[in-house]
Amino acid sequence: MKKTALFFLACILLVSCGGKKEVKQVSQESRTATEAFALAETLRSSFIKKDPAIMQRNSSDDGFRDITANRKAYDSVDITFTPRWVEIEGTKLFLNIAWKSTWTLSGQKTEERGMAVFVMEGSPLRMTKILRANPFVYPGQ
């Protein structure tokens, strides 16, 4: 009797635990936010490498002007982005980013931090404007 009850209980457990798991589909908003994060990273790395062709390809004319607004010479720069949130309003996407930068000029380092809003539009996304503190501009400029 005990063996039959144990066998019956094991069969129930196997049947109840063996079902297919439901896979949730990724929403369009989530895919768009992921694309925005990747675009911000592409712009950051191309700025550090001083590669204007990549920056221009991934931004509008106004966005490219904002990215290349720096007028002060520098030897190198290190910028880190921490995305905070994404807002989608119609065709525009607003990516809020906390950033830190370390600029080197003639051996002297200057650090800065701030919060920027990258405005992006289109498909694929392109940077169209930088609002608030621009991470691509030398501190104090």
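Is Lys129 buried, partly exposed or exposed, and what is its relative accessibility? I looked this up before anything else. Lys129 has 38% relative accessibility and counts as partly exposed. I note that the model is predicted.

**Entry: the search.** I searched the whole structure for salt bridges and found three.

**Entry: Lys129 and Asp66.** I found Lys129 in a salt bridge with Asp66, and the closest N and O atoms are 3.7 Å apart. This pair links distant parts of the chain, since Lys129 sits in strand β4 (residues 126–132) and Asp66 in helix α4, 63 residues apart. I then checked the partner's accessibility. Asp66 has a relative accessible area of 15%; the cut-off for buried is under 20%, so Asp66 counts as buried.

**Entry: Asp62 and Arg65.** I stayed with helix α4, which covers residues 61–67. Here Asp62 and Arg65 form a salt bridge, with 2.3 Å between the closest N and O atoms. The two residues are three apart in the helix, so about one helical turn separates them. For Asp62 I noted 44% relative accessibility, which is partly exposed.

**Entry: Glu41 and Arg44.** I moved to helix α2 (residues 28–48), where both Glu41 and Arg44 lie. Their side chains meet in a salt bridge at 2.6 Å, N to O. I put their spacing down as three residues, about one turn of the helix. Which of the two is buried? Arg44 is, at 16% relative accessibility, whereas Glu41 is partly exposed, with a relative accessible area of 37%.

Methods. Residues are numbered from 1 along each chain as its sequence is written. This is a predicted model: local features need pLDDT of at least 70, side-chain atom pairs count only at pLDDT 80 or more; totals for chains, interfaces and linings use all residues. Side-chain values use heavy atoms; hydrogens and water are left out. A salt bridge is a side-chain nitrogen of Lys or Arg within 4 Å of a carboxyl oxygen of Asp or Glu. Helices (H or I, at least four residues) and strands (E, at least two) are DSSP runs, numbered from the N terminus. Buried means under 20% relative accessible area, exposed over 50%, partly exposed in between (1.4 Å probe, protein chains only).
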